[in-house]
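Here is a friendly walk through one protein chain, written for someone who likes to check details against the coordinates. Have the viewer open as you read.

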Amino acid sequence: MCLCINLKGRKQKKKLTRQTVIETVTDRISCLPSHVIDHILSYLPIREAVRTSVLSKIWKNKWYTLPNLVFDRQGVFSEDALVNQSKLVKIVDHVLLVHSGPINMFKFSEYDLIDEVLVSDIDRWILHLTGRFIIKFVLEVLMEEKEEYYKIPWCLFSCQSLHYLKLQWCWLKPPKEFGGFRNLTSLDLNLVTMTQDVFENLISGCPLLEKLKLTEVDGLTQINIHAPNLKIFEVFGEFEGIRFHNTFQLVTVIVDSRLNLSPENNLRTLHGRSSKLLDFFDRRPHLQSLVIGSCFLKYLAAGLLPIKLPTPCIGLSYLSLSINFDDLKEISAALCLLRSSPNLQKLKISARIELHNVPLTTVSVYNWDETFSRPATPIQVRHVTIDGISGFQPELDFIRFLLLYSPVLEKMVVKPIVNVRPELVPELIRFKRVSGEAEVIYEV
């Protein structure tokens, strides 16, 4: 009898112990260090992070120390913008009021501001954040009804803790005493309005700047960059030219200009130099990736073009060019870059022919006989992609050049435009290839 009771007691004890272990295991996440929980919560939209406060007393105030505060459609707002804007100020105010830890990033993204009062609230939030030593700041706002850009308040220009700054649909007019952001490493300006002087002073006042992206910046004609530590540079939009000053650490450059540069503009901006191509590539020893889109190659082709650059682009491994094959200067500039890139691995060519209603018989013809008669300069590219091919002779001659002077070529992919002439394929097949491993793939 006693033995049975004893066994029963042991079974109950085992059951209780097992329950305790299970409960401990299921709540193991609550025992994690605070910085680990903060890191986990940072992957949640702020709305979901706040909801964790109902899990237990331990979790009630965990979201108070969120390092990244993101207020956007995914994190806070629903599809009904009118309803949410009535609550928006209260939400952001409450989060900033109860937040007790450091704020690494603050992002506010609302593309349909309809209340002018909200503009003053954003001013107030920025003033609050500048006193919290914020590291990353992202602001994307648009007053659609008034068709105005949001004017950045002066207090933001005093925030020297910033490492990352992204602004969209904003107007920048800093105070006269503004000397730049001394710790900024990344700057992204999209649809921003600013004067030429403000831009140049801003860039030169960020000595640690490593990444710069400009998209449709209004108020700039000439892009003048003075950034000794700049490694990644991207620019999209309309402008007359680019000039680098003391910018020798560039690794990646992406330039996409839709501006149709006239010969007058090209000559006016040469300033006595023999070639813009030489100026653009002067002392770029670290350049690894270069993308030249739209008609920017027309700008680089102005002036006297060399056969090869005086200093080769040793590190360049990826090159993407948009070429007008009706422009002899652009073809020459492209060939110069190919001859000056001894370690090029990947090449992408986007073909465009701007005939402007001129009969095909008057299309300019590049002197390929002279090119082929020169001593061979091997092009070390391994993978080539050419898209937008129409089957015109200048394009075919360029392809023939690549096949003839690329001894280590492994693959060439040719992508024609719609309704290209059918005899293009046989012509490509007949081209001589110096590389025995070269494979030409025709993608329709």
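**The chain as a whole**

Please keep in mind that this is a predicted model. The protein chain holds 13 helices and 18 strands. It has 444 residues, of which 45% count as buried. If you take the contacts between residues at least 6 apart in sequence, 67% of them join residues at least 24 apart.

**The core**

In soluble globular proteins, nonpolar side chains tend to be buried together. Here the largest nonpolar core has 110 residues, and the members that touch the most others are F137, L139 and F233. What does L139 contact once its neighbours within four places in sequence are set aside? The list is F108, I122, I126, Y150, I152, K166, L167, Q168 and C170.

**A helix pair and the strand residue beside it**

Two packed helices are described by the angle between their axes and the distance between the axes. For helix α10 (residues 328–339) and helix α12 (residues 393–405), the angle is about 10° and the axes are 13 Å apart. Angles under 35 degrees count as roughly parallel, so α10 is roughly parallel to α12. On the α10 side, A334, L335 and L338 take part, and they meet F398, F401 and L402 of α12. Sorted by class, this contact has six nonpolar residues, with no polar and no charged ones.

| Residue | Element | Relative accessibility |
|---|---|---|
| T130 | helix α5 (residues 116–130) | 19% |
| S257 | strand β12 (residues 252–257) | 1% |

Is T130 buried or exposed? Buried means under 20% relative accessible area, so T130 at 19% counts as buried. The side chain of T130 reaches the backbone oxygen of L127 at 2.7 Å. Beyond its neighbours within four places in sequence, T130 is in contact with C155, L156 and C159.

S257 is buried too, at 1% relative accessibility. Leaving aside its neighbours within four places in sequence, its contacts are G237, F239, G293, S294, C295 and F296.

**Two loop residues with positive phi**

F133 is not a glycine, yet it has a positive phi of about 55°. F133 sits in the loop between α5 and β3 (136–141), and at 63% relative accessibility it counts as exposed.

R283 is also a residue other than glycine with a positive phi, near 55°. Where is R283 found? Its place is the loop between α8 (276–280) and β13 (289–294). With 53% relative accessibility, R283 counts as exposed.

Definitions and conventions: Residues are numbered from 1 along each chain as its sequence is written. This is a predicted model: local features need pLDDT of at least 70, side-chain atom pairs count only at pLDDT 80 or more; totals for chains, interfaces and linings use all residues. Side-chain values use heavy atoms; hydrogens and water are left out. Axes are lines fitted to C-alpha atoms, for helices over the stretch in contact, and angles run from 0 to 180 degrees between N-to-C directions. Helices (H or I, at least four residues) and strands (E, at least two) are DSSP runs, numbered from the N terminus. Angles under 35 degrees count as roughly parallel, over 145 as roughly antiparallel, 65 to 115 as roughly perpendicular and the rest as oblique. Contact means heavy atoms within 4.5 Å. Ala, Val, Leu, Ile, Met, Phe, Trp, Tyr, Cys and Pro count as nonpolar, Asp, Glu, Lys and Arg as charged, and the others, Gly among them, as polar. A nonpolar core is a set of buried Ala, Val, Leu, Ile, Met, Phe, Trp, Tyr and Cys residues joined through side-chain atoms within 4.5 Å. Buried means under 20% relative accessible area, exposed over 50%, partly exposed in between (1.4 Å probe, protein chains only). A polar contact is a pair of N or O atoms within 3.5 Å; within protein, one must be able to donate a hydrogen and the other to accept it, and residues adjacent in sequence count only if both atoms are side-chain atoms.
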